[in-house]
Amino acid sequence: MEEEQRAGTAAAGAAEGGQSVKDEEEVKEEDVTHTATQGEEEEDEDALPHSEILDIFEEGLARLVQDPLLCDLPIQVTLEEVNSQIALEYGQAMTVRVLKADGEVMPIVVVQNATVLDLKKAIRRFMELKQQREGGVKHISWRYVWRTYHLVFQGEKLEDDKMRLKDYGIRNRDEVTFMKRLRKK
């Protein structure tokens with residue numbers, strides 16, 4: 001019986017104490033809500049439209065690309081291009097100049113121990129980025145390209161995709177020609 005009275009008294013005390021704790025929590029919650037509403041109003045006043053933020057970013061990127069280390073990069077640069085340029089500076093990559101039949105030279109950046117297949121993939125990435133920026137042909141069949149053209153370095157065809165460029169004697173700033181294959185009759 002004495003235990004029941006203690007339990008009842010404890011429950012009553014908890015209810016009263018719980019009420020005051022609850023009131024304090026409600027007041028704190030209202031203060032937080034009021035403060036958050038003020039913060040949102042301030043954020044709305046400072047918020048910029050997406051197009052303005054994009055313009056600010058592109059202006060900053062254009063200034064960054066003027067740096068002597070990154071000056072070879074286009075204004076609409078990708079992360080991959082920046083990383084390639086940094087790898088070039090540290091000697092971890094090399095530039096292979098690919099000469100097309102129309103006389104255009106494509107500066108292709110590949111890692112030092114790249115294979116012929118890596119060079120072909122880098123040429124593909126280079127051309128796709130160029131098309132995006134200039135808005136040329138929408139689709140190129142690379143299977144067709146590699147069936148009808150091959151890469152040549154100093155008169156030697158780069159036929160083995162698994163062979164490293166170094167094994168062909170290709171070094172930084174060497175020129176590789178993009179040539180049409182001759183048909184066998």
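Begin with α4 and α5 (142-148), each of which supplies at least two residues to the lining of the second largest pocket. Helices (H or I, at least four residues) and strands (E, at least two) are DSSP runs, numbered from the N terminus. The model is predicted: local features need pLDDT of at least 70 and side-chain atom pairs count only at pLDDT 80 or more, while totals for chains, interfaces and linings use all residues. Residues are numbered from 1 along each chain as its sequence is written, and side-chain values use heavy atoms, with hydrogens and water left out.

**Stop 1: the second largest pocket**

Select Lys100, Ala101, Asp102, Met106, Ile123, Met127, Ile140, Trp142, Val145, Tyr149 and Phe178, which line this pocket. A pocket, on a 1 Å grid over the protein atoms alone, is an open set of points where a 1.4 Å probe fits, with protein on both sides within 12 Å along at least five of seven lines; lining residues have an atom within 4 Å of a point. The volume of the second largest pocket is about 180 Å³, taken as the space filled by probe spheres set on the points, which are joined across faces, edges and corners. By class, its lining has 9 nonpolar, no polar and 2 charged residues. Here Ala, Val, Leu, Ile, Met, Phe, Trp, Tyr, Cys and Pro count as nonpolar, Asp, Glu, Lys and Arg as charged, and the others, Gly among them, as polar.

**Stop 2: the largest pocket**

Next select Ser84, Gln85, Pro107, Ile108 and Val109, which lie nearest the centre of the largest pocket among its 30 lining residues. About 840 Å³ of space lies in this pocket. The largest share, 9 residues, comes from α4. The lining of the largest pocket divides into 15 nonpolar, 4 polar and 11 charged residues.

**Stop 3**

- Select Arg125 and Glu80, whose side chains meet in a salt bridge (2.5 Å, N to O). This pair links distant parts of the chain, with Arg125 in helix α4 (residues 116-134) and Glu80 in helix α3 (residues 79-89), 45 residues apart. Arg125 is partly exposed at 35% relative accessibility, and Glu80 is partly exposed at 41%. Partly exposed lies between buried (under 20% relative accessible area) and exposed (over 50%), with a 1.4 Å probe and protein chains only.
- Select Lys130 and Glu104, which form a salt bridge (2.3 Å, N to O). Lys130 lies in helix α4 and Glu104 in the loop between β1 (93-99) and β2 (105-111), so the pair ties together parts 26 residues apart in sequence.
- Select Arg124 and Glu128, joined by a salt bridge (3.1 Å, N to O). Both lie in helix α4, 4 residues apart, about one turn of the helix.

**Stop 4: a nonpolar patch**

Finally, select Leu48, Ile53 and Ile56, which make a nonpolar surface patch of about 270 Å². Patches are made of residues with over 30% relative accessible area and no salt bridge; like charges are joined within 9 Å, nonpolar side chains (Val, Leu, Ile, Met, Phe, Trp, Tyr) within 5 Å. Accessible areas come from the Shrake-Rupley method with a 1.4 Å probe; for residues, only the protein chains shown count as cover. Leu48 sits in the loop between α1 (2-46) and α2 (50-65), and is partly exposed, with a relative accessible area of 41%.

Definitions and conventions. Salt bridge = Lys/Arg side-chain N within 4 Å of Asp/Glu carboxyl O.
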